[in-house]
Amino acid sequence: MAESPDEGEKKGLRMSLPQKSSPSAAPGGGQSYREIAERMKQVQEEQRLVVKRMKEIPYKVAILSSKGGVGKSFVTANLAMALATMGKVVGVLDADFHGPSMPMMLGLRNVRGLLAREDGSIVPAVNVYGVRLVSVGLMLPSDDAPVIWRGSIKTTAIRQLLAYTDWEGAQYLLIDLPPGTGDEQLTIAQTIPGLTGFLLVTIPSEVSKIVVKKAAAFAEKLNVPLLGIVENMSYFKCPDGSIQYIFGKGAAEEIAKEYNIPFLGQIPLDPHIREANDNGEPFFLEYPDSEAAKSFLDIAKKFIDVVEKGNRTQAQSS
Ligand SMILES: Nc1ncnc2c1ncn2[C@@H]1O[C@H](COP(=O)(O)OP(=O)(O)O)[C@@H](O)[C@H]1O
Ligand SMILES: [Mg+2]
């Protein structure tokens, strides 16, 4: 088994957020040729490390959604835990720098600061299921500290996290992204060699053909496969047992079929989900008998089938 962070040679070095490049010594405020060359060398070295580290992880999947608030982070966190219960070693990179929610959803809100070993590698935080997490949220001094970074700093941060994190034998790396198809999505697709694919999270009401079409076009443009669709907030089971389709019914599955994208499953609306997430408790741990937790197990099974065996049709037909 991979060395756990507890056994590792933790030297107590605290990771800090990347700093803006140091003020230039060159006259006029510009960077000297030497500084630029040194920076380029460092970028090159980091990219080499990314390639090396990513080769060690067989399956690397970035989670996409067209807009915020559809439960992308919730799906990422709970899929990670469902995969872990099936014996998979899972790493999660929280690349949503402005709204990192993985520490809360994986029950790691009390972790402050990531550790680095003497060799410079970053040690992920590990949750109760053994899911390994690296998130900017773990490096912030407090929950309400904002991250004010431009695109280029975020690109650097993603590259450095990928270059230096020791995922400790992870078989899966799930990458939680901010909503949309912007800088972070592009960086992930361009930085990770052999990205296995994107997973799309939607809710029924916004599952218009346009949303899926957009994601499919984005994936195709970047030459990255769209591995599947998970529909969140699909229905609500009332206390009397009746079912309400609050955001509409069945649209995601229909459209997945039309576009030939594996439909991996539905997750109901459940007030316990919001509650657990807000309290920083992993939903999957707190409510293992809930319909949503069972859905995640089913989704994880289909996901493994698509990712590891390339079996897209079985997921489609069920
Ligand atoms: N199926 C669900 N039932 C109830 N609440 C949910 C469900 N999925 C997500 N939520 C809640 O909705 C909010 C948005 O979820 P989040 O995962 O942060 O969305 P995103 O990452 O897409 O912006 C959170 O408060 C989360 O707890
Ligand atoms: Mg999110």
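The questions and answers below concern a predicted model of a protein chain with a ligand.

Q: How many helices and strands does the protein chain have?
A: Of the 318 residues in the protein chain of this predicted model, 42% count as buried. Among contacts with a separation of 6 or more, residues 24 or more positions apart account for 78%. The secondary structure of the protein chain comprises eleven helices and twelve strands.

Q: Are the helices α2 and α10 roughly parallel or roughly perpendicular to each other?
A: Helix α2 spans residues 72-85 and helix α10 spans residues 291-309, and their axes come within 9 Å and cross at roughly 75°. Because angles from 65 to 115 degrees count in this class, α2 and α10 are roughly perpendicular to each other.

Q: Which elements each supply at least two residues of the shell around ligand 1?
A: Ligand 1 is surrounded by 17 residues, of which the closest are Gly71, Lys72, Ser73, Phe74 and Asn277. By class, the shell around ligand 1 divides into six nonpolar, eight polar and three charged residues. The elements that each supply at least two residues of this shell are α2, β10 (226-237), β12 (263-269) and α8 (271-279).

Technical notes. Residues numbered from 1 in each chain as written. Chains lettered and ligands numbered in written order. Predicted model: local features only at pLDDT ≥ 70, side-chain atom pairs only at ≥ 80, totals over all residues. Axes fitted to C-alpha atoms, helices over the stretch in contact; angles between N-to-C directions. Helix = DSSP H or I, 4+ residues; strand = E, 2+ residues; numbered from the N terminus. Parallel < 35°, antiparallel > 145°, perpendicular 65-115°, else oblique. Buried ≥ 20, exposed ≤ 12 C-beta atoms within 10 Å, placed from the backbone. Contact = placed C-beta atoms within 7 Å. Near = placed C-beta within 6 Å. Nonpolar A, V, L, I, M, F, W, Y, C, P; charged D, E, K, R; others polar.
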